[in-house]
Amino acid sequence: MEQLKTIGRELAMGSQGGFGQSKEFLDLVKSIGEARSKAEEDRIVLHEIETLKRRISEPDIPKRKMKEFIIRLVYVEMLGHDASFGYIHAVKMTHDDNLLLKRTGYLAVTLFLNEDHDLIILIVNTIQKDLKSDNYLVVCAALNAVCKLINEETIPAVLPQIVELLGHSKEAVRKKAIMALHRFYQKSPSSVSHLVCNFRKRLCDNDPGVMGATLCPLFDLITIDVNSYKDLVNSLVSILKQVAERRLPKSYDYHQMPAPFIQIRLLKILALLGSGDKQASGNMYTVISDIIKKCDSSSNIGNAILYESICCVSLIYPNPKLLEAAADVISRFLKSDSHNLKYMGIDALGRLIRISPEIAEKHQLAVIDCLEDPDDTLKRKTFELLYKMTKSSNVEVIVDRMIDYMISINDSHYKTYIASRCVELAEQFAPSNHWFIQTMNKVFEHAGDLVNIKVAHNLMRLIAEGFGEDDAAADSQLRSSAVESYLRIIGEPKLPSVFLQVICWVLGEYGTADGKYSASYITGKLCDVAEAYSSDETVKAYAVTALMKIYAFEMAAGRKVDMLSECQSLVEELSASHSTDLQQRAYELLALTRLDVHAIESIMPPDASCEDIEIDKNLSFLNSYVQQALENGAQPYILENERAGSWNINNLRSHDHHEASQHGLRFEAYELPKPPVLPTVSPSSFPASTELVPVPEPSYLREVHLVSSVSDAGSSELKLHLDGVQRKWGRPTYSSPSSSTSSSTSQKPVNGVSQADVSSTIHSKPHENYGSRKPQVEISEEKQKLAASLFGGSSKTEKRPSSHKIAKASGNAVERSQAPKTTVVSNEAQVNKTYHEPPPPDLLDLGEQTVSSSAPSLDPFKQLEGLLDPSQVTSTGNHDVAADTKSPDIMALYAETTAITQSGSGGYSIPSSGDDVNLISGWSNATTNSSHGETAVTPASQSKGPNLRDALQKDSLVRQMGVTPATQNPNLFKDLLG
Amino acid sequence: MIQSVLVMNTQGKPRLAKFYDFQPVEKQQELMRSVFSVLCSRAGSVSSFVDTESIFGPDTRLVYKHYATLYFVVIFDSSENELAMADLIQVFVETLDKCFKNVCELDVVFNYSKIHTVLDEIIFGGQVLETSSTEVMKAIEEISKLETASNAINLVPKSVSGWGTR
């Protein structure tokens, strides 16, 4: 009866095909499945292990039973329990002649053992034998094991057989042999380096499957060394072509796509080969555009190929047509309802904007949708895209968003990641120092424990150095605002240690500088901090030093200092601290307060943290003392490297230590005691900071002046970071030589078209216009729209020329638009005002921004065209464009000089006339020689009529797109010119 | 390269775990637990991709699909295409479906070694080997045939005699 039940259950369980299991196994699985808790499950499994342990070592177990035991072992181990007692039985099973048992044995060992396990040595022999077997299934099973179990040492034992199998008659075996060889290559490239040519050979295999398998190792090889495989481009392209044209047998189709995985592999390889290689890329254009055209975008795998094509297009030498096709695909992805496709679309967009930044504009709405999507994966991908698109114009919006998200998540890994991104962006693009400090405060407050300590040092140095401009008022304003914000934050519970260090340092340095807060108020706050975070010695150290500075500044200013009682008790407590560092700081504080005003002034000059500290490396002030000692018969000091052989270790202590650990006993006599290493510093030689640990090392000296209290370890990196903050170099876009050429090539057709009939083509050919834009112009409008959409205001989001320093928001407007342009801008704004209603400050702005931005984006090439029109201006025009891309300032200067000559002014007046297309083509023809000198006025007045027309056109386009237009964002012009 | 293929049910019980780079048993458990905790927190209509760098280290991606009571998970690096990996899961499941006629969780549980055989025909040493479920089925059938043949010689007599004694 019992058996019948079992049989019935077995049948019901659907265990077909000779994989039947015994009742015990079924019961085991069932009881585990029914287990209510982890503990219960563990109990069942442990019981099972006991049973197996007992039974597996019984003599004469029937093989079939043994096989089941092994499977049960595998199962037990999958549940997380140790089954190592049965490994040997699995190994034994691989020796069996029966195919089923052998395969089970191999399965078990590949799951149980790693390549360095002791038992491997028992298997290698079997594998060797099996690789030579007549039965190809045995060979396959062995190859499977080879992949997992053979390590660097045992590769030579099986390598000859594997190579032989590359010519096996069964394609399944050839395929697996190639992959095994690939695996060897991954594990130890040197051991198979002489066999690499086999991969090339197998690329020509008759069987497409084998060819496809060869692509895996080739991909790895080409990733490492592109140049030696350039000759494969043509063959690979023709393979891809044949695959895409369905020349492969039907059996390779998958969901109506011909061999999609092979296509994907090929595209990946071509991307590697074509990257930065114009000639190689040229060979690929046709096939890639065919694939994009033909690909069925309704199936998942079709989209996978499309995505891969975009990746390929974005990596190879740019081709405008392909970029356009790729942009179309991306917009399809982003419009899709599937989150997967949106994700791929965002990812692809991030790749493509490196080459053609302007395509992002079209997709702002979709991007913002993705940013607000509940799907975390999509959100993070979108942040990655935003990170790539960040520039000074949109940094505020993006970083704010990032911080909001950072606060909302718990995943500390990603929190760290996004915090570091925020810091990086803020350092690189900060529009003002005030904003930078506020942003850093937020980052520190919410993720302070996760960010690098250097970030804190950077912030301190920024506050100390100010804006890098000679504007003392702005600097002190920044400092007071920093002090104020810190005094506000300081009361909050559980601030991260790093942040507290910054707070203490800033309060100590600048807390009383502007006279707004009294010394007792600040010191009280500092004492509170030291008390509240009494377990954190670093914070306490910072707090004590800050106290010392404040007292020093007070006394130096001639005021009477009464130490607060809480402060006194703090110092008392610390002077008895276990930490010598804290003790020293406390004693220094006490000593300092007893000095007279002059001494204090020279020890602790106010606001001197940025000043260079001259360190007398030779300690010349000790010369007389040394001389005296020598005269009294002391031994002269011998430099470390001149000292005897074993004295090559840096200092006495470590030397002794090494001696002790290296030799148990020393048999030679001890040297005479050496004169003690001279005290390297006397505190008085470092007037600005007692926190400074003097290290007589040249590289350090150069950087000490920045923030004296920064620990020496990070100082060199700090310097690097801050450079980024001040100069705000944008990230490099696509490699410049290729990008400049690409822009020039793509401009040609556009010029032709637009010259024929500019006004009618503007709107019908937006893509070409996008393509014609200089790649150097970073993502630009996209952010502005984003910003506008999020905040409704355009004033915030002005683009800042990269060569300008931070701060001085007021000067910005003047800086970015040179005199002639401003008139046009205002003119343009007026026109827009008359024609469009004021914008509703909501998301709809986006759409209208797209519209308005599309027109200005035409400009660069129009400038070019206008410049080229009068033939004698050609060179000037080119210069102009070149200057454009660098900085408006240069532009302005240049314009002034060129304005003297007729042709120069003609050339210049065109860019200055901003976004007006008709004006340029018409005007530059008609009045090449006429309007010079007052370029600012002439184009402005002339542009009125055409501007109206242009605005009308814009308006109609806007209506087509179904959005309400708003005022023109004047910043757009800046983008065009710089 | 594909680093790992996991199948687990909606309660987090592992049904299949294949790591193409060796991981010790404890580590495997830990990885599977973290994967499960990520997966079960995701809503139904979101993308199949998960950011798993915190679990599997840098340059790793995870694609999963949810079929009935099972999660199928593939972990791989940047040399693979996410959408293609999603389709690879599809291939795997399609093949299982052909293998078992309407595959369900129980089939996966009780045919443990067969599932491994199927997977080994699709992914070999961390690389995609075959993506046509028909081809995979052919190979599986051939293996089954040969195995039953060798079974017939060695095992069937015993089991027959076993039947006799019951």
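## Burial and make-up of chain A

Of the 978 residues in chain A of this predicted model, 56% are buried, meaning under 20% relative accessible area, with exposed set at over 50% and partly exposed in between (1.4 Å probe, protein chains only). Chain A holds 52 helices and 2 strands; helices (H or I, at least four residues) and strands (E, at least two) are DSSP runs, numbered from the N terminus.

Contacts in chain A with a separation of 6 or more come to 70% from residues 24 or more positions apart, where contact means heavy atoms within 4.5 Å. The accessible surface of chain A is about 41600 Å², and carbon and sulfur atoms hold 54% of that.

## How to read the model

This is a predicted model, in which local features need pLDDT of at least 70, side-chain atom pairs count only at pLDDT 80 or more, and totals for chains, interfaces and linings use all residues. Residues are numbered from 1 along each chain as its sequence is written, chains are lettered from A and ligands numbered from 1 in the order in which they are written, and side-chain values use heavy atoms, leaving out hydrogens and water.

## The largest cavity

Let's look inside: the whole structure has 13 cavities of 30 Å³ or more, and the largest has about 310 Å³ of space. A cavity here is a set of points on a 1 Å grid over the protein atoms alone where a 1.4 Å probe fits but cannot get out, and lining residues have an atom within 4 Å of a point. A volume is the space filled by probe spheres set on the points.

The largest cavity is lined by 24 residues, and closest to its centre are Phe261(A), Ile262(A), Val128(B), Leu129(B) and Thr131(B). Helices H10 (171–187), H13 (208–224) and H15 (260–274) of chain A and H3 (82–100) of chain B each give two or more residues to this lining, with the largest share, 5 residues, coming from H15(A).

Asp277(A) sits in the loop between H15 and helix H16 (278–294) of chain A. Asp277(A) is buried, at a relative accessible area of 19%. Apart from neighbours within four places in sequence, Asp277(A) contacts Lys230(A) and Tyr317(A).

## Confidence

The model scores ipTM 0.88 and pTM 0.65. Chain B averages a pLDDT of 84, with 90% of the residues scoring at least 70; pLDDT is the predictor's confidence in each residue, from 0 to 100. Within chain B, strand E5 (residues 70–76) has the highest confidence, at 93, and helix H7 (residues 156–165) the lowest, at a mean of 43.

How values were computed. Areas by Shrake-Rupley, 256 points an atom, 1.4 Å probe, with all protein chains shown as cover. 1 Å grid on protein atoms, 1.4 Å probe; cavity = no way out; pocket = protein on both sides within 12 Å on 5 of 7 lines; lining within 4 Å.
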